[in-house]
Amino acid sequence: MDTLESVFPSADVKCAFIFAHYDDAALNVSKVLDSCPPGSIDMVLCSAVPSGRLNSLRQMQLPSRIRRSRASILLNHAILGRPVYGEWDDHCGFSVSTQEVMRERSAEHDRVCSLFDVDSFGLDVLDSQYGRSGRKGEEKALARALDLVRDREIGAVVTHPLDAQHPDHAKAVKLALAVCKSAGTSLVTACERPYTVCSAAECSHRNPGYARASATVNLDDRTWKLKHEAVSCYPTQIVGLDGSFTYDWMARPHLGVECYQRIR
Ligand SMILES: [Zn+2]
Ligand SMILES: [Zn+2]
């Protein structure tokens, strides 16, 4: 196994963290968030709040029992072309408007960014639970990300794995790849917690043919404490994740392990 130094050859290289949701960077790359040089930036792809007709439907604040009902899903499908009801927010126990949900999620994230002392920018694409931003929205996000990467002289983009399954994660990877291609930066991916469990002995992304180097790191005591504190800043996500993963995903043997792969 290679070391983290082989994945990030220089400690002076500024990083751009491009992840789909507010909690993804802390869950996956706390070690590098903590050690990256000043000027590094965090970008959250899905920071948009639905607007227009979609928004007014979401603002109806119907009880989740009704929003989840077959009649409601069919009605949404007929009007919007997809069964939108903010299913993940629902799973996390939210029963307030989408605006309020996003305000709370972004406040949680602000606390984490100050823990790591890193600036954060929203790329304002819609979360797939709310709908689609379309090509225009995605192009705007790419242009904004590229501007930030060039302005800050970023040397490495850090994102989800190339084979990410979650539709928003896959979208973030696509955008990260496009940024690296245009800006000529390195690309580093990271295994996804809590979706995958890795150990120093076993990681499904260890040295795949397309990676130049890869490393699995057991966080030291200080970094583990910081990561646990950071992830604990997302109580609304923890509710949803607890309901989705049956193993003790917040325990140190699982969450205290991070894997990095240098792609280019
Ligand atoms: Zn995510
Ligand atoms: Zn791994």
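Q: How many of the residues of β1 are buried?

A: Some conventions come first. This is a predicted model, in which local features need pLDDT of at least 70 and side-chain atom pairs count only at pLDDT 80 or more, while totals for chains, interfaces and linings use all residues. Residues are numbered from 1 along each chain as its sequence is written, and chains are lettered from A and ligands numbered from 1 in the order in which they are written. A residue is buried if 20 or more other C-beta atoms lie within 10 Å of its own, exposed if 12 or fewer, and partly exposed in between, with C-beta atoms placed from the backbone. Strands (E, at least two residues) and helices (H or I, at least four) are DSSP runs, numbered from the N terminus. In β1, 5 of its 5 residues are buried, so the strand is mostly covered. C15, F17 and F19 point one way, A16 and I18 point the other way, and all are buried. For the protein of 264 residues, 40% count as buried.

Q: What is the strand order of the sheet?

A: Two strands pair if DSSP finds at least two bridges between them. The open sheet has 7 strands in the order β3-β2-β1-β4-β5-β7-β6, with mixed pairing. The edges are formed by β3 (119-122) and β6 (213-218), each with a single partner strand, so one side of each lacks a neighbour in the sheet.

Q: At what angle do α8 and α9 pack?

A: Axes are lines fitted to C-alpha atoms, for helices over the stretch in contact, and angles run from 0 to 180 degrees between N-to-C directions. Helix α8 (residues 134-151) packs against α9 at about 50°, with the axes 10 Å apart. That makes α8 oblique to α9; angles under 35 degrees count as roughly parallel, over 145 as roughly antiparallel, 65 to 115 as roughly perpendicular and the rest as oblique. Helix α9 (residues 167-183) also lies across β1, β4 (156-159) and β5 (186-190), running at about 170° to β4.

Q: Which residues of α8 and α9 meet?

A: Two residues are in contact if their C-beta atoms, placed from the backbone, lie within 7 Å. On the α8 side, A141, L142, A145, L146, V149 and R150 meet L175, A178, V179, S182 and A183 of α9. These contact residues divide into 9 nonpolar, 1 polar and 1 charged; Ala, Val, Leu, Ile, Met, Phe, Trp, Tyr, Cys and Pro count as nonpolar, Asp, Glu, Lys and Arg as charged, and the others, Gly among them, as polar.

Q: How do the axes of α7 and α10 cross?

A: The axes of helix α7 (residues 98-116) and helix α10 (residues 221-232) come within 9 Å and cross at roughly 160°. That makes α7 roughly antiparallel to α10. At this contact, V112, L115 and F116 in α7 meet L226, E229 and A230 in α10, and the residues divide into 5 nonpolar, no polar and 1 charged.
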